Amino acid sequence: MMAMRRAALDAMAGLPEPPGSLSAEAIRIDAGPQPDPGVLAVAVRDRLLRDAGPGAALVTGLDAAFDVPGARKFHEALFAAVWELVEPAAGDEVPGNGYKVKMNVIADGAIPLELYGSAWSFKELHMDRDALIFSHLYGPTAGFDGGALLLADVRAYMGRHSAGFTDLFDWSQEPTPGSKPVLRAEHESAVLAEYGANVGPLGPGEILFVNNLPSAGILHGATPVEVTDPDGYVREYHRCSVRRVNR
């Protein structure tokens, strides 16, 4: 997967600008008073696919219909419906004869060190190692400042500036096999200024979907989290993701 991601990023140099513009407004989808996963999945699919979409989607307004457990259950149903629509168009990009969906809850600041080498989720702009698409539903959240979610269309940036992998990226250092492409810190402000979006610190009423396919060129990260109330701090997110496997 590392070789595929590097090759895809190198191929972005000189590409024309993608048709879908990445912005906080362009990715937003109002769930409405009675959220329907089938209806919302179509809107999410249209934003995720890069033939016309910006590569990310943000479903909002779920807190009016669900508490946190209900929102997580809805999240899982919506992710399954989205992947069913996205898989025929995007699933063949990564080799494999099957796929595996993973759904779990992550407590930022209390992640087992053996997983990623840090108790905190990765904040620098990057692509995930293996996920084809993923989604996050945050909540409960309390006792901190920061943690705004950041997105960037590095495909558009690399095309405009004829940049390759070594011009912008390093590989992450991981305690487990494999690494992810990480945008070097000196390029972050320029990439965000030209093709980035700050979608803010998300809560239980919002689900962020990201197209993490190698060719999509969408980076994600977050601003630093500063704990302001150690006794009351909590920053959980419910994550759904899918990756290719060989069965």
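All of them come from a predicted model.

**View 1. Helix α5 and its buried residues.** Let's start with the helix itself, α5, which spans residues 154-161. Its buried residues are Val-154, Arg-155, Ala-156, Tyr-157, Met-158 and Gly-159. That makes six of the eight residues of α5 buried, so the helix is largely enclosed by the rest of the structure. Who does the covering? The elements over these buried residues include α1 (2-10), β6, α6 (165-168), β7 (169-171), α7 and β11.

View 2. After the helix comes Ser-162, with a positive phi near 50°.

**View 3. A three-stranded open sheet.** Here the strand order is β9-β6-β11, and the pairing is antiparallel. The edges belong to β9 (196-200) and β11 (218-222); each has a single partner strand, so one side of each is left without a neighbour in the sheet. From one strand to the next, the twist averages 20°. Look next at the pairing of β6 (residues 149-153) with β11, where five bridges join the antiparallel strands. To find your way along this pair, take Leu-151, whose bridge partner in β11 is His-220.

**View 4. Two helices on the sheet.** How do α5 and α7 sit relative to β6? Helix α5 lies across β6 and β11, and runs at about 40° to β6. Helix α7 (residues 185-195) also packs on the sheet, where it touches β6 and β9. The direction of α7 makes about 80° with that of β6.

**View 5. Where α5 meets α7.** Now for the two helices together: α5 and α7 pack at an angle of about 100°, and their axes are 9 Å apart. Angles of 65 to 115 degrees count as roughly perpendicular, and α5 and α7 are therefore roughly perpendicular to each other. On the α5 side of the contact are Ala-156, Tyr-157, Arg-160 and His-161, which meet Ala-190, Val-191, Glu-194 and Tyr-195 in α7. By type, the residues of this contact divide into five nonpolar, one polar and two charged.

**View 6. Strand β10, covered on both faces.** In a regular strand, side chains alternate between the two faces of the sheet. In β10 (residues 207-211), five of the five residues are buried, so the strand is largely enclosed by the rest of the structure. Ile-207, Phe-209 and Asn-211 are buried on one side, while Leu-208 and Val-210 are buried on the other.

**View 7. The partners of β10.** Strand β2 runs antiparallel to β10, and four bridges join them; in this pairing, Leu-58 stands opposite Leu-208. Strand β4 (residues 133-142) also pairs with β10 in the antiparallel sense, over five bridges, and here Leu-137 stands opposite Ile-207.

**View 8. Thr-60 in strand β2.** Is Thr-60 buried or exposed? Thr-60 belongs to β2 (residues 56-60) and is buried, with a relative accessible area of 11%. Leaving aside neighbours within four places in sequence, the contacts of Thr-60 are Arg-28, Ile-29, Asp-30, Ala-31, Gly-205 and Glu-206.

Key
Residues numbered from 1 in each chain as written. Predicted model: local features only at pLDDT ≥ 70, side-chain atom pairs only at ≥ 80, totals over all residues. Heavy atoms only, no water. Pairing = 2+ DSSP bridges. Axes fitted to C-alpha atoms, helices over the stretch in contact; angles between N-to-C directions. Contact = heavy atoms within 4.5 Å. Buried < 20%, exposed > 50% of the residue type's maximum accessible area, 1.4 Å probe, protein only. Parallel < 35°, antiparallel > 145°, perpendicular 65-115°, else oblique. Nonpolar A, V, L, I, M, F, W, Y, C, P; charged D, E, K, R; others polar.
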